[in-house]
Amino acid sequence: MALPRHCARPGAALTAQLLASTRISTLPKICQRNLNSDVRITRTGKPILTVSGGRSSLGGYTATVFGATGFLGRYIVNRLAQSGCTVVVPFREEMAKRHLKVSGDLGRVVFLEMDLRNLASIEESVRHSDIVYNLIGRDYPTKNFSLEDVHVEGTRRIVEAVAKYDIDRFVQVSSHSANINSPSEFYRTKARGELVAREIYPETTIVRPAPMFGFEDRLLNTLAGVTNVITSNYMEQRFWPVHAIDVGMALEKMLHDDTTAAETYELYGPTDYSMAEISELVDKEIMKHRRHVNIPPRIMKPAARYLNKYLWWPIASEDEVEREFIDQTIDPTAKTFKDLDIEPIELSTMTYEYLKGYRSSAHYDLPPMSERERREEKKYLHVIDDQ
């Protein structure tokens with residue numbers, strides 16, 4: 001009898017009931033040890049062949065990541081695919097998913113076309129999965145989808161499909177400051193999406209990340225860009241920025257830890273900043289000063305409403321103006337990075353890495369030559385001078 005593939009993944013073991021069966025108990029001890037390392041029983045009793053990990057691993061989990069084409073999605077897809085998981089990526093636009101093709105080995109990242117209003121396409125995306133992540137979200141309404149359509153009704157359809165096929169785990173990525181009574185429609189609909197998920201699937205894991213920073217973020221890149229001019233709250237909004245890689249690491253850990261089911265996690269960084277303090281860090285790093293003009297909300301809100309309605313590219317929305325006046329709130333009863341044994345990275349230690357492309361060319365200019373250096377330079381005949 002050939003021995004099963006050895007697995008180095010910690011925590012992969014058979015349940016006591018499986019080990020007590022007659023067939024397993026008659027196996028040699030070395031075979032039992034390897035078999036215990038290879039098979040893991042999920043929360044719902046489903047056996048999964050776990051592997052040692054790596055791009056070319058065969059076996060392991062199948063995960064569906066809705067919203068994988070967004071900012072956070074690429075980080076979780078990359079971590080799952082490189083550890084040997086099969087990742088199903090539902091998508092709407094063909095060109096929006098191309099950067100995810102190289103995340104895993106051939107055949108490990110599977111793309112399925114999906115529409116948030118088409119329940120059949122959603123069910124097709126989750127029916128073979130062991131865990132489903134919902135990262136879908138919008139910062140502003142569009143002519144096709146309102147915030148209610150995306151955060152509440154979209155979540156409802158996804159959770160109904162998860163419940164129909166009895167998927168082992170469901171992770172709902174919400175937002176910081178999600179509150180059913182918030183003056184911001186974004187935070188209200190995010191909170192209602194959490195309630196819908198828990199109502200249909202009580203074991204839902206809810207994750208509330210703080211504003212994230214990374215290579216493609218809308219925090220550091222926005223503050224460093226030349227178009228970042230208008231504000232409404234004098235940049236006094238306060239929050240705890242978190243590294244997107246840390247959030248991706250936390251989401252991956254939830255795949256292997258069934259004790260995270262039915263829990264709520266608040267994922268935020270180690271330091272509380274105001275937007276003005278982050279802007280100061282950005283200006284110092286790029287060696288430029290970005291000016292900001294403050295427009296009162298009574299003027300900015302209607303202007304943003306019509307800009308968002310009549311322009312096809314995202315400019316601003318009325319709700320984004322409202323969110324500038326809401327500081328991040330943290331639920332003291334929720335779990336944090338500490339419960340996942342993750343130490344979040346400080347924002348100020350990563351600004352050079354993410355902003356070096358915005359640095360002023362003055363950083364690379366040499367100081368002017370001194371008089372002595374000029375005299376030394378005249379002693380030599382340069383070829384270009386003789387042409």
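Visitor: Hi! What should I know about the model before we start?
Guide: It is predicted, so to speak of local features we need pLDDT of at least 70, and side-chain atom pairs count only at pLDDT 80 or more, while totals for chains, interfaces and linings use all residues. Residues are numbered from 1 along each chain as its sequence is written, and side-chain values use heavy atoms, with hydrogens and water left out.

Visitor: Great. How many helices and strands are there?
Guide: The protein has 14 helices and 15 strands. These are DSSP runs numbered from the N terminus, with H or I over at least four residues for helices and E over at least two for strands.

Visitor: And what share of the protein is buried?
Guide: Of the 387 residues, 46% are buried. Buried means under 20% relative accessible area, exposed means over 50%, and partly exposed is in between, using a 1.4 Å probe and protein chains only.

Visitor: What about contacts between residues at least 6 apart in sequence?
Guide: Among those, 76% join residues at least 24 apart. A contact is a pair of heavy atoms within 4.5 Å.

Visitor: Let's look at α6. How far does this helix reach?
Guide: Helix α6 covers residues 147–164, and its 18 residues reach 25 Å from first C-alpha to last, close to the expected 26 Å. That expectation is 1.5 Å times one less than the number of residues.

Visitor: Where is its kink centred?
Guide: On Glu153, with a kink of about 30 degrees. The bend is the angle between axes fitted to the seven residues ending at a position and the seven starting there.

Visitor: Which residues of α6 are buried, and what covers them?
Guide: The buried ones include Leu147, Val150, His151, Gly154, Ile158 and Val162. Their cover includes β3, α5, β6, β7 and α7.

Visitor: Why would residues three or four places apart point the same way?
Guide: An α-helix has 3.6 residues a turn, so residues at that spacing point the same way.

Visitor: What follows α6?
Guide: Asp166 does, and its phi is positive, near 50 degrees.

Visitor: Where does Tyr234 sit, and is it buried or exposed?
Guide: Tyr234 is in the loop between β10 and β11, and is exposed at 60% relative accessible area. Its phi is positive too, near 55 degrees.

Visitor: Changing topic: how much space lies in the second largest pocket?
Guide: About 150 Å³. Its lining has two nonpolar, two polar and six charged residues, among them Lys301, Arg305 and Glu322. Helices α11 and α12 each give two or more residues to that lining.

Visitor: How are the classes and pockets defined?
Guide: Ala, Val, Leu, Ile, Met, Phe, Trp, Tyr, Cys and Pro count as nonpolar, Asp, Glu, Lys and Arg as charged, and the others, Gly among them, as polar. On a 1 Å grid over the protein atoms alone, a pocket is an open set of points with protein on both sides within 12 Å along at least five of seven lines, a cavity is a set where a 1.4 Å probe fits but cannot get out, and lining residues have an atom within 4 Å of a point. Points are joined across faces, edges and corners, and a volume is the space filled by probe spheres set on them.

Visitor: How many cavities of 30 Å³ or more are there?
Guide: The count comes to one. The largest cavity holds about 50 Å³, and its lining includes Arg40, Tyr61, Asp130 and Asp258.
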